[in-house]
Amino acid sequence: ISAGEMQSGTAAAVTAPDIDLCLNLYDFEAVAKRVMKDSSFAYYATGATDEFTKQGNQAIFRRIKLVPTVMVDVSNVSLETTMLGARMSFPVYISGAAKGGLAHPDGEVALARAAHTAGVVQMAPHMATRPLREIAAVRTIAQTQFLQLYVEKDRAATARTVREAEELGFKALFITVDSAGIGKRETDLRLTPGGSAPRSVASKRRWADDLSWADLPWLRSLTNLKLVLKGVQSGADAVRAYRAGVDGIVVSNHGGRNLDTARPALEALVEVMDALKREGYVPSQPDGTPGSARATSGTSNRLGCLRKCLGRPVGRASFEVFVDGGVYRGSDVYKALALGARAVGVGRAVLWGLAGYGQQGAERVLEMLYNELHTTMMFMGKRSLAEVDETSLSGVRDAMLANAWSATRENLTSISSSEQPDTHR
């Protein structure tokens, strides 16, 4: 989209171009940058310090190559799947990105409606700008919503949030486990008067920095909702989560917003799946049919007791792996699925659509990902998600060994004219 197409009217009144001019998610991001306040855009866009992890999340997808299979009847391709038992039209969900109201007054309510239109799950954020009751109120009978949850230092406050989520009909809690602190987000600091410090100080007072594995039995005691750990980044932690009896994990580095130079999420996913397979884990089929998993030999009595406390049987197969971070294309979704993810979360992308066009923009972002994934499946010769696996990829291990930090700090975060607040706002 050209600069002329981006702006209409006077310099003081920036409006979004016709939505049909947005051909991809990068276009929606460009529109959002123009129509949002600089501080609001920076809050969404920022990564931690040099932003290598944020950039690496995206770059690693480009280093993995596709290996098509030809002469396959792909006249009927299905993208349908399930996520923790919830049926979805395709394996993408709206991740729990905070402060949706910075993009549009309807915020998370508009995203709930967009999720319904697209036939996908919405993960509502703990730090939503609309009350949970309002977000739940627009849910249809056939729709499923999950809640992203920060555990608070005041555990009684967490218990109240969990009870509210259950009463409002949310079906799972995605417990953020990668945020013991707040990342130094320099783009936010640079473009926001006072930076993110006020938010950081408040968050440090509120969110738990003492969350540990010992809290899992307590969390399970609060609710019958499914529990998923969001922010797992190593094979060892994935195996520990699996043994502990939670219902799944999200391989995620918080969009590169916390710990810079942490590995890209897709790289961590490879290690996670390798470790889980050694543990005997076999993912269930896309239609929800359980895989087969064996109990690990030599499991200690302590771990067995913990599983019993959590209410999950030893050797269960009802464990799902998700991933988020850096997804801009349907082919990115395909690669994540091929490497073992059951579904892929998108956060910033739907916020870009929401900022430019409200609910319609979020719906169009999801529609684009659906169409691109469908096209990728056809070219790859895959008729269903059950046929997607790592054999259709090339260069995976080489991508893990490649230099993830190909960009320099100067061209990522140095002060440049493109980063300065626009004078028309």
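Lys99 lies in the loop that runs between strand E4 and helix H5 (107-118); helices (H or I, at least four residues) and strands (E, at least two) are DSSP runs, numbered from the N terminus. The model is a predicted one, in which local features need pLDDT of at least 70 and side-chain atom pairs count only at pLDDT 80 or more, while totals for chains, interfaces and linings use all residues. Residues are numbered from 1 along each chain as its sequence is written, and side-chain values use heavy atoms, with hydrogens and water left out.

Although Lys99 is not a glycine, its phi is positive, at about 55 degrees. Lys99 is partly exposed because its relative accessible area is 23%; buried means under 20% relative accessible area, exposed over 50%, and partly exposed in between (1.4 Å probe, protein chains only). A positive phi, near 40 degrees, is also found in Thr49, a residue other than glycine. Thr49 is placed in the loop between helix H3 (38-45) and H4, and with a relative accessible area of 25% Thr49 is partly exposed.

Helix H4 (residues 52-63) contains Asn57, which is buried, with a relative accessible area of 2%. Residues up to four places away in sequence aside, Asn57 touches Asn253, Gly255, Gly256, Arg263, Pro264, Ala265, Gly325 and Gly326, where contact means heavy atoms within 4.5 Å. Asn57 and Gly255 are 198 residues apart along the chain, and their C-alpha atoms are separated by 7.7 Å.

The largest nonpolar core has 117 residues; such a core is a set of buried Ala, Val, Leu, Ile, Met, Phe, Trp, Tyr and Cys residues joined through side-chain atoms within 4.5 Å. In soluble globular proteins, nonpolar side chains tend to be buried together. Phe174, Ile249, Leu276 and Val321 have the most contacts inside this core. H15 supplies its largest share, 15 residues. Beyond neighbours within four places in sequence, the contacts of Ile249 include Val228, Leu229, Val272, Phe319 and Val321.

Aromatic pairs number 13 in the structure; rings of Phe, Tyr and Trp (its six-membered ring) pair if their centres lie within 6.5 Å, and planes under 30 degrees apart count as stacked, over 60 as edge-to-face and the rest as tilted. Tyr93 and Phe322 form an edge-to-face pair, with 6.0 Å centre to centre and 75 degrees between the planes. Tyr93 lies in strand E4 (residues 92-94) and Phe322 in strand E10 (residues 320-324), so this pair ties together parts that are 229 residues apart in sequence. Both Tyr93 and Phe322 are buried. The pair of Phe174 and Phe322 is tilted, because the ring centres are 6.1 Å apart and the planes stand at 40 degrees. Phe174 belongs to strand E7 (residues 172-176), and its pair with Phe322 of E10 links parts of the chain 148 residues apart. Phe174 is buried, with a relative accessible area of 0%. Elsewhere, ring pairs join Phe41, Tyr43, Tyr44 and Trp352 into a cluster.

The axes of helices H14 (residues 330-338) and H15 (residues 348-380) come within 7 Å and cross at roughly 60 degrees; axes are lines fitted to C-alpha atoms, for helices over the stretch in contact, and angles run from 0 to 180 degrees between N-to-C directions. Gly330, Ser331, Val333 and Tyr334 of H14 make the contact with Leu369, Glu372, Leu373, Thr376, Met377 and Met380 of H15.
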